[in-house]
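Hi,

Have a look at it first, and then read on.

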Amino acid sequence: MEQVRIKELKCPACGGKLALDPQNPNIEICQQCQEKYTIQWNRLAETGQEEASLKPLPRKIAYEPVPEVKKKKSGWEPYGWKRGVALVIAFFVIMGIMYGPKVYRRYQMDHGGVVVEQEADE
Ligand SMILES: [Zn+2]
């Protein structure tokens with residue numbers, strides 16, 4: 001059964017020979033284009049043979065971290081929180097407009113405002 005796996009595989013991209021990655025037996029590396037593939041062995045029900053399907057491995061730059069591309073500042077970044085702050089301020093302004101007079105009257109009541117005591121009888 002195992003001997004089936006020695007079957008020579010070819011790179012789907014360029015037709016080059018694939019060789020096992022010495023570091024990972026599940027990965028084949030193309031000798032020509034260095035493309036890496038993961039192998040999946042599927043046993044065919046009809047023939048009982050194993051067939052390899054190759055999945056291209058996304059090429060990663062494993063050792064050299066890609067220098068982070070400095071993000072272009074669109075100029076909109078600060079507006080995210082500024083808008084949030086503005087909304088909160090707007091909320092308090094609206095609340096102030098709506099409840100300001102009441103709060104003001106209440107304040108005068110608490111401090112013995114003359115005008116307010118008369119209004120309270122209305
Ligand atoms: Zn190849």
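**Hairpins and the sheet**

Strands β3 and β4 form a hairpin with six residues between them, and G48 in that turn has a positive phi of about 75°. Before I go on, please note that this is a predicted model, in which local features need pLDDT of at least 70, side-chain atom pairs count only at pLDDT 80 or more, and totals for chains, interfaces and linings use all residues. Residues are numbered from 1 along each chain as its sequence is written.

A word on terms: helices (H or I, at least four residues) and strands (E, at least two) are DSSP runs, numbered from the N terminus. Two strands count as paired if DSSP finds at least two bridges between them.

The chain has two helices and four strands, and from the N terminus on the elements run β-β-β-β-α-α. The four strands make an open sheet in the order β1-β2-β3-β4, with antiparallel pairing. β1 (18-21) and β4 stand at the edges with a single partner strand each, so one side of each is left without a neighbour in the sheet. The twist averages 40° from one strand to the next (axes are lines fitted to C-alpha atoms, for helices over the stretch in contact, and angles run from 0 to 180 degrees between N-to-C directions).

Here is how the strands pair up:

- β1 and β2 are joined by four bridges and run antiparallel. Two residues lie between them in their hairpin, and L18 stands opposite C30 in β2.
- β2 (residues 24-30) and β3 (residues 36-43) are antiparallel too, with three bridges. E28 has Y37 in β3 as its bridge partner.
- β3 and β4 (residues 50-56) pair in the antiparallel sense over seven bridges. Q40 has S53 in β4 as its bridge partner, Y37 stands opposite P56, and N42 stands opposite E51.

**A residue to look at: Q34**

Q34 lies in the loop between β2 and β3, a hairpin with five residues between the strands. Most residues other than glycine have a negative phi. Q34, however, has a positive phi of about 65° although it is not a glycine. Is Q34 buried or exposed? With 11 C-beta neighbours inside 10 Å, Q34 counts as exposed. The cut-offs are these: a residue is buried if 20 or more other C-beta atoms lie within 10 Å of its own, exposed if 12 or fewer, and partly exposed in between, with C-beta atoms placed from the backbone.

**Core and contacts**

Buried residues make up 6% of the 122 residues in the chain. Which residues form the largest nonpolar core? That core has five residues: C11, L18, I29, C30 and Y37 (a nonpolar core is a set of buried Ala, Val, Leu, Ile, Met, Phe, Trp, Tyr and Cys residues joined through C-beta atoms within 7 Å).

Leaving out residues up to four places away in sequence, I29 touches L18, A19, D21, Q34 and K36. Contact here means that the C-beta atoms of two residues, placed from the backbone, lie within 7 Å. Among contacts in the chain between residues at least 6 apart in sequence, 14% join residues at least 24 apart.

Best wishes
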